[in-house]
Amino acid sequence: MATRTWNANRAAEGASDEFIDSAQRLRRLKRLSGIARLMDTAIGIPGTRIRFGADSIMGMVPLIGDGAGALVGLYIVNEARRMGVPREKLIRMVGNVAVDSVIGSFPLVGDVFDVYFKSHRRNVHMILDHFGIDRDELKRKR
């Protein structure tokens, strides 16, 4: 459990705990969304709608690449747990990471699978849906 410290500047400004928590959650979600984009859709193939990311590239290195992708996926799941996502959704998120890691570990077939099964983005979308946040809200500057 995280401890909260007193911030005299925030109290003087009249900021409520709900606003601070909401702003912190939005910052975390933006960070997680950026990680998911880097891992799953950072690079597009010109003239097609096919996008892939670091997860697909790292997956070409047997076992080590898929393991690294799984660690990033588990980081996203852990952040979701810290934000209060229910256990049922966390289990589904871990399942997404497991499917991506297991099938992705097969040579060639796994590499093609990684391009189409974007577990990191699926998991971030589950978090956004849980909190009722529109994906476009993460793109806005604040």
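Modeller: Let us begin with accessibility: buried means under 20% relative accessible area, exposed means over 50%, and partly exposed lies in between, with a 1.4 Å probe and protein chains only. This is a predicted model, in which local features need pLDDT of at least 70, side-chain atom pairs count only at pLDDT 80 or more, and totals for chains, interfaces and linings use all residues. Residues are numbered from 1 along each chain as its sequence is written, and side-chain values use heavy atoms, with hydrogens and water left out.

Colleague: What is a salt bridge?

Modeller: Side chains of opposite charge can pair when their charged atoms come close. Here the term requires a side-chain nitrogen of Lys or Arg within 4 Å of a carboxyl oxygen of Asp or Glu. Four salt bridges are counted by this rule. In one of them, Asp129 pairs with Arg135, with 3.6 Å between the closest N and O atoms; Arg135 is partly exposed at 35% relative accessible area.

Colleague: Which residue forms a salt bridge with Arg31?

Modeller: The partner is Glu79, with the closest N and O atoms 3.2 Å apart. Arg31 lies in helix H2 (residues 17-40) and Glu79 in helix H4 (residues 64-83), so the pair ties together parts 48 residues apart in sequence. Helices here are DSSP runs of H or I, at least four residues, numbered from the N terminus.

Colleague: Is Glu79 buried or exposed?

Modeller: Glu79 is buried, at 2% relative accessibility, whereas Arg31 is partly exposed at 39%.

Colleague: Where does Arg82 lie?

Modeller: Arg82 lies in helix H4 with Glu79, three residues apart, about one turn of the helix. Their side chains form a salt bridge at 2.8 Å, N to O, and Arg82 is partly exposed at 46% relative accessibility. Salt bridges with shared partners join Arg28, Arg31, Glu79 and Arg82 into one network.

Conventions
Helix = DSSP H or I, 4+ residues; strand = E, 2+ residues; numbered from the N terminus.
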